[in-house]
Amino acid sequence: MGFLEAYKSFWKNYTNFNGRAPGSAFWYVIVWNMIINGPLLVMSKIFGVSEILFGVGGGIALFFGGLRFLYWCGSIVPLTSLIVRRLHDTGKSGYFAFLGLIPIVGTIIIFIFMSFESDGPNRYGDVYKKSDI
């Protein structure tokens, strides 16, 4: 799965919690999220500091922070569905996604699970089909 194709499928399968997803789909989406969130975070920090030091830019910092929050709100469900499908690909139940609710440790566990190889055919289906991605 290619870089752009993975991101398109991320939004296309917004609420698809069935099937499987390859590791590349998950990791490419993580990179896309960093590309989108990184500059927004930097801009909100820059304008936030300029508000503190010079009294200018507070509204702009709020704008960029608001964009980050809106993007997060919009991407939390598709990211969860991608994590569940990726867990299915490694032969694990989607309920393992709840481990991500444990602060810090849960995120580390999820990233470790996402690094596992595909399980081959398992109870969640054969190796992912184009429709599952």
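The crossing of helices H3 and H4 is left-handed. Keep in mind that this is a predicted model. H3 covers residues 58-89 and H4 covers residues 105-114. Their axes come within 9 Å and cross at roughly 50 degrees.

By class, that gives 5 nonpolar residues, no polar ones and 1 charged. You can check the spacing by eye. An α-helix has 3.6 residues a turn, so residues three or four places apart point the same way.

Now the other partner of H3. Helix H1, residues 3-12, packs against H3 with the axes 9 Å apart and an angle of about 95 degrees. That makes H1 roughly perpendicular to H3, since angles of 65 to 115 degrees count as such. On the H1 side, the contact uses Tyr 7, Phe 10 and Trp 11. On the H3 side, the residues are Tyr 71, Gly 74, Ser 75, Pro 78, Leu 79 and Leu 82. This contact divides into 7 nonpolar, 2 polar and no charged residues.

Next, H3 by itself. The helix has 32 residues and reaches 45 Å from its first C-alpha to its last, close to the 46 Å expected at 1.5 Å a residue. Where does H3 bend? The bend is at Ser 75, by about 40 degrees, and a proline, Pro 78, follows within four residues. Both Ser 75 and Pro 78 also belong to the contact with H1. Just after H3, Gly 91 takes a positive phi of about 85 degrees.

On to the loop between H3 and H4, where Ser 93 sits. Leaving out residues up to four places away in sequence, what does Ser 93 touch? The list is Leu 87, His 88, Arg 123 and Tyr 124. Ser 93 and Tyr 124 are 31 residues apart in sequence, and their C-alpha atoms are 9.1 Å apart in space.

Last, the chain as a whole. There are 4 helices and 0 strands, and from the N terminus on, the elements run α-α-α-α. Taken along the principal axes, the C-alpha atoms fill a box of roughly 60 × 30 × 20 Å.

Technical notes
Residues numbered from 1 in each chain as written. Predicted model: local features only at pLDDT ≥ 70, side-chain atom pairs only at ≥ 80, totals over all residues. Heavy atoms only, no water. Axes fitted to C-alpha atoms, helices over the stretch in contact; angles between N-to-C directions. Helix = DSSP H or I, 4+ residues; strand = E, 2+ residues; numbered from the N terminus. Left-handed = near helix turned anticlockwise from the far one by under 90°. Nonpolar A, V, L, I, M, F, W, Y, C, P; charged D, E, K, R; others polar. Expected span 1.5 Å × (residues − 1). Bend = angle between axes of the 7 residues up to and from the residue. Parallel < 35°, antiparallel > 145°, perpendicular 65-115°, else oblique. Contact = heavy atoms within 4.5 Å.
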